[in-house]
Every structure is written in C-alpha cells, then in structure tokens.
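This report concerns a single protein chain. Please consult the sequence and the structure below before reading on.

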Amino acid sequence: MARKDAIVSDEIAKKFATEKETPYTRWVANQGLEIIDGIYVPDLNTVELKPWDSRGGKGVFINHDASRTTNDCYVCEIPSGGKLAPQRQLFEEMIMILDGRGSTTVWNDAGQKVTFEWETGALFAVPLNTWFQHFNGSGQKPARFVSVTNMPPIMNLYEENDFIFNTEYDFKSRFSGESDYFSPKDELNGFRLETNFVADAVNLPLVEAKERGAGGGHIRFNLAKSSMNAHISQFPVGTYKKAHAHGPGAHVIILAGEGYSLMWPEGEEPKRYDWKPGTLITPPNMWFHQHFNTGETPARYLAFKYEGVAFRNAQGVPKAWISRRIGGHQIDYADESNTVRTLFADALAEKGLTSQMESAYEAEKEHLPPL
C-alpha cells in the first residue's frame, strides 16, 4: 500500500490556511532557506544548499510534519578558509561533521572560553545558551555538518527572536568553561558513554547489545547535558535489526555500510529506502522501521533524537526495546511478516551474499515471551 498523505479538498484546506505556517517555518523562510522532506534524504553530502547570509555559510533545513513540533535538522556548509557568525540560542543543538576539518570556540557571559578541533565523523553538542563559532580549518574546500536541534518548540513558544538568540544568562550546570569539556572520554555507565565529544563516530568502540537482535553493538550519549540524546548502533554482515516504533524526531544517519530500511505505519505495507554512508532516514511518529545490512562490511548508524521519542516503561526502559508480546513496541523475529525474510534473501542474492540470521532467530527463542 502506498504512503498516505491525507490530502483533502481545497475547500477544507482554506479553512485552516492561517494555521499552516508556524513561527518556526516563518523563521526558516526569513533566513532565505527551504525545508525539504526529511523522511528520506539519499545523501547529506550532496543535498543542495542555499546561501545563509546571517550565518555566513550555506544551508538547508530537513524536516517533516511529525518532527516539526519536536526537533528539526539542518545541513550547513562553512566556506573554505572561512567561518560562521558567532551565535547563541535558547535551544539545544547536536552536531556531526560530515566532511572537513576545523574548530569550534564556545564561551559564556562570564568570559570562560574553550576551543576544540574536529574532523570528519566528530560528534558534539553546543551547551545551552553559550556563544559558539565554527571555523573551517581548510583553505581548499568547504566543511559540511549536519545538526539536530529542538528549535521548533522553542521558536513556536516564544517567537521573539531577540529573546531566543540574545538572552544573557549562563546555565552554569551545563557549561562553566571547563578546559577538558570537549576532550574525548571513555567512561561508560551501562550503554551510556559519559562524554561531550566523540572524535570519530565511525570507528568508536561499542557495547554488545543483544536486545535489538542480530548481535552487533550499541552506545548512547547525552552530549552537553542536553534534553536531546543520541546513540550509535552497528550490526554484522548478512543480518538485520528487529522492527520497532517510537515517537517522532529520530534522525538516523548512516555512518558505514550499505543496505536498506523498511518503514510503515501500523496496518500498511512496508516501503523500502536504500542507504549508504550519508543517507538520512527520519521515521515518522510511531511508524515501524527496520534496518537491513546487504553490504560486505558491518553497517553502522547514528541517531540524533528528541528524548520524547523514547516512550518508556515503569523501569525507564524504552518500549522500542521491549517485545510487543508484553506491551512494548518491538516486533520479535518470530512475529515478523514472511515478506521481511523474503525481501532480505532476495536483496542478498542480488549481491551474491547469504543470510546470517539463523543464529539470531535461535538465540531469540530462549528469552521470547509467550504469546
């Protein structure tokens, strides 16, 4: 079944015409930029950008209706040998460097300042309401990054740009000029890596994560004490993850490998989205989605997300990690459609590969809740 867009007649649409735009969408338009559909972007490295005069670079916003009221995404380019304008903001921002090298300086009203360097694959977040400025370290080519923020609800709530971008207040518990604030750290607390900076997301060691199926690894972050969070997952050649659903605004960025994802709302047929490094997939609210490795190397992805996507049980465990058999939002291998396995087998056969899923199917049986 094709994706349903719920398009109605012009007569009905006119009755809601004054409610179509929001302070957030108007702000993006006033920046001279576009918002493109974020459900699927084949390659963030080549997506078209427009001049962003107020920042001194180029950009495009990537979003869809389900995440417009929670968090958003944009891609920005820093010109070769250039820098972006200094900025502060009463919303949070997480950043991944897509290409290039450079540095960022962060400072507060107390005059405490930290500068750190980054290269392709680095992850970090901007502490709330600090001043920050990005610099391109190359005089030969632009640097490009992708950013996820929770600007939409802040912009829609306050709308006053001067308040959002020019309020003098230091959130000292978030940032107080610590000299090692953006130094890579390796302290683990369960799945969480306690750090504000990851130098290389593509090669970062992960923690074993059997709960999501197919082996592989997982690691989570709470960069700069943000109310948003992030995780990285990896799964082996010839395998796929369990299907699951959660709230809106999880921006899944492919870091390594080749494959595809299936996405579908409850009761409809899955739609396939092929991916490679640089692809962005943003599952709409409570759509099931499932990731398949059809390449010759392990597949790895990063998810920047709004904490609200993680509907949790009474123990604090995200329901996307819990079987539907006991009230969660994850489909066990034993309960998935036969179509899933057929599509996967066919996709592997096209590349001369075979499924490595039998051990995962068997391993699930030991802990599978009864129907």
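This is a predicted model: local features need pLDDT of at least 70, side-chain atom pairs count only at pLDDT 80 or more; totals for chains, interfaces and linings use all residues.

Residues are numbered from 1 along each chain as its sequence is written, and side-chain values use heavy atoms, with hydrogens and water left out.

The chain is divided into domain 1 (19–166) and domain 2 (188–366), with bounds taken from an automatic or database domain assignment. The C-alpha centres of domain 1 and domain 2 are 26 Å apart. Across the two domains, 36 residues of domain 1 are in contact with 38 residues of domain 2 (contact: heavy atoms within 4.5 Å).

The whole structure contains 0 disulfides, a disulfide being a pair of cysteine sulfur atoms within 2.5 Å. The sulfur of Cys73 has its closest cysteine sulfur in Cys76, at 12 Å, and is therefore too far away for a bond.

Relative accessibility sorts residues into buried (under 20%), exposed (over 50%) and partly exposed (in between), with a 1.4 Å probe and protein chains only.

| Residue | Relative accessibility | Class |
|---|---|---|
| Cys73 | 1% | buried |
| Cys76 | 0% | buried |
| Ile12 | 40% | partly exposed |

Ile12 lies in helix H1 (residues 10–15); helices are DSSP runs (H or I) of at least four residues, numbered from the N terminus. Together with Val8 and Phe16, Ile12 forms a nonpolar surface patch of about 280 Å² accessible area. Such patches join nonpolar side chains within 5 Å, from residues with over 30% relative accessible area and no salt bridge (a side-chain nitrogen of Lys or Arg within 4 Å of a carboxyl oxygen of Asp or Glu). Accessible areas come from the Shrake-Rupley method with a 1.4 Å probe.

Technical notes: Patches are made of residues with over 30% relative accessible area and no salt bridge: like charges are joined within 9 Å, nonpolar side chains (Val, Leu, Ile, Met, Phe, Trp, Tyr) within 5 Å. Helices (H or I, at least four residues) and strands (E, at least two) are DSSP runs, numbered from the N terminus.
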